[in-house]
Amino acid sequence: MERVDVIVIGSGQGGVPFAVDRAKRGERVVLFDRGRLGGSCVNYGCTPSKAFLAAAHTAGRARRGEELGVRGDVHVDFGATMERVRAVRDEWMDGTEKKVAAARIRVVRAEASFAGERIVSAGGEQFEAPLILIDTGTSPIVPHVPGLAGTPYMTNLDFFDQRALPKRLLVMGGGYIGLELGQGMARCGSEVHVIDSNSRVLSREEPDASEALTQGLLADGITLHVGRKALEIRHDGAFEMKLDDGSTLQADALLVAVGRRPNTDALKADKSGIALDKRGFIGIDARFATSCEGVYAIGDVAGQPAFTHVSWEDHRRLEDILAGGVRTRDDRVLAYSTYTEPQVARVGMTVDEAKKTGRDVRAVTLPLAEIARATEWGQSIGFFRLVVDRHSEKILGATMVGYETAELIHVILAHMEAGSTWRVLERSVHVHPTYAEGLPSLARLLL
Ligand SMILES: Cc1cc2nc3c(=O)[nH]c(=O)nc-3n(C[C@H](O)[C@H](O)[C@H](O)COP(=O)(O)OP(=O)(O)OC[C@H]3O[C@@H](n4cnc5c(N)ncnc54)[C@H](O)[C@@H]3O)c2cc1C
């Protein structure tokens with residue numbers, strides 16, 4: 001067994017920068033990964049999905065040109081699109097490899113597990129360290145539907161390896177992964193059916209956000225089977241799925257995107273006295289500490305909001321904590337977006353979440369149809385909503401559904417980080433005609 005200064009398990013979005021920072025300080029660092037360096041975001045998540053959506057949404061927007069009087073046939077060369085997606089993905093993975101090599105980090109490419117207190121082994125090698133970081137992320141859940149196991153279904157792990165466009169695609173799961181990839185495939189030319197047992201897509205968001213997105217999905221020709229469960233799946237050359245309303249769907253491909261489970265089984269965390277929570281995620285306190293001294297966990301596997309920017313920021317917070325600072329796991333304004341069209345972007349709290357904290361809350365909503373830029377460009381599905389505290393007048397959160405709202409949400413995020421009131425937003429003069437111009441108009445509804 002070899003003694004080193006730091007062990008990092010998982011080369012995800014927080015694990016790599018943490019390992020690099022430590023190695024640059026001259027510490028001896030070992031990084032374990034059982035898969036491609038860079039983790040889910042680079043290889044199976046954000047990077048390939050957004051490179052894929054670049055093509056799909058370009059086609060979708062071009063087709064919508066008809067409404068503006070622009071005519072022309074739009075065809076997606078799916079093979080070429082997916083080649084580019086893989087090239088972008090590989091470039092980012094190579095970048096991670098180079099960063100890790102330049103920092104002289106020792107990489108063990110094997111599945112790691114604990115062999116004792118602060119002792120980790122993999123691939124026939126064993127290391128002990130006073131500081132260990134777990135950043136092992138999550139994997140797709142495959143539900144127990146009779147007949148599903150053994151069929152050639154896809155998850156996000158192999159979706160980006162597709163070479164030919166399936167004529168018909170079934171998507172199990174109406175969350176953000178299923179909807180982004182499902183809408184993307186529809187825009188590439190597949191006939192897409194989305195099946196979700198919840199009564200609406202994106203069921204964690206506000207009902208009118210789901211409604212606006214539903215309008216966008218239907219406009220792309222997607223068929224939604226909400227409030228429906230798959231009872232049985234068969235594959236005999238093609239997929240056949242029986243639903244609980246008695247109908248049967250047929251398709252050439254099936255994407256499973258019903259949720260994520262933490263990558264903790266292989267870790268044998270109990271051997272190092274590391275407790276898991278009820279759902280199997282690594283249990284951490286407000287300062288990322290597990291129940292074993294010297295062992296910390298960040299990112300998806302620690303039950304943090306499952307986003308790349310969260311995992312990345314977690315590593316910075318942990319560095320601050322280890323240096324004696326005061327940061328905690330959730331001292332931040334959280335924002336995120338779904339990259340469908342329209343996009344659904346969120347920051348801070350919804351009205352209901354804010355009310356649950358006992359605050360006296362005010363909320364205002366501006367339909368996109370009332371914003372000049374949106375009507376000029378024919379992009380008027382959606383709305384902006386602002387949630388504020390009646391007494392302090394501070395901004396508590398926002399939901400923005402519409403064109404490129406993932407960018408716009410940062411205006412509100414910046415105001416929240418700065419602790420400003422809605423009156424600061426209201427008196428800001430935004431450029432005409434932009435979508436952002438709608439934000440002071442939104443705040444003006446509070447006057
Ligand atoms: C299709 C899709 C699209 C997404 N799009 C976005 C987006 O647009 N924006 C966004 O913010 N987030 C997005 N996400 C979520 C984002 O990818 C994750 O939140 C992020 O990657 C989590 O990073 P992490 O550091 O927690 O772990 P991960 O990036 O998951 O890395 C974990 C690493 O640990 C390794 N590992 C696991 N167990 C072991 C073990 N026992 N031994 C050794 N290695 C192990 C894995 O191989 C992996 O490399 C998307 C996810 C998916 C699936």
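This briefing covers the surroundings of the ligand and some backbone features. The model is predicted. There are 39 residues around the ligand, and the protein buries 94% of the 1000 Å² that the ligand exposes when taken alone.

**Residues around the ligand**

- Asp33, Ser40, Lys50, Asp135 and Ser311 come nearest to the ligand.
- The shell around the ligand is made up of 18 polar, 13 nonpolar and eight charged residues.
- At least two residues of this shell come from each of helix H2 (39–44), helix H3 (46–64), helix H5 (176–188) and helix H7 (308–322).
- Helix H2 gives the most, with four residues.

**Polar atoms facing the ligand**

- Ser311 has a polar side-chain atom 2.7 Å from an oxygen atom of the ligand.
- In the side chain of His309, an N or O atom is 3.4 Å from an oxygen atom of the ligand.
- In the side chain of Tyr176, an N or O atom is 3.1 Å from a nitrogen atom of the ligand.

**Backbone features**

- Most peptide bonds are trans, and most residues other than glycine have a negative phi.
- The bond from Glu341 to Pro342 is cis, with omega near 5°, and Pro342 sits in the loop between strand E19 (335–338) and strand E20 (343–348).
- The bond from His432 to Pro433 is also cis, with omega near -10°; Pro433 is in the loop between helix H11 (422–427) and helix H12 (438–444).
- Arg118 is not a glycine, yet has a positive phi of about 55°, and is found in the loop between strand E5 (113–116) and strand E6 (119–122).
- Glu393 has a positive phi near 65° and lies in the loop between strand E22 (383–389) and strand E23 (395–402).

Terms used
Residues numbered from 1 in each chain as written. Predicted model: local features only at pLDDT ≥ 70, side-chain atom pairs only at ≥ 80, totals over all residues. Heavy atoms only, no water. Near = heavy atom within 4 Å. Polar contact = N/O pair within 3.5 Å; in protein donor to acceptor, adjacent residues only side chain to side chain. Areas by Shrake-Rupley, 256 points an atom, 1.4 Å probe, with all protein chains shown as cover. Nonpolar A, V, L, I, M, F, W, Y, C, P; charged D, E, K, R; others polar.
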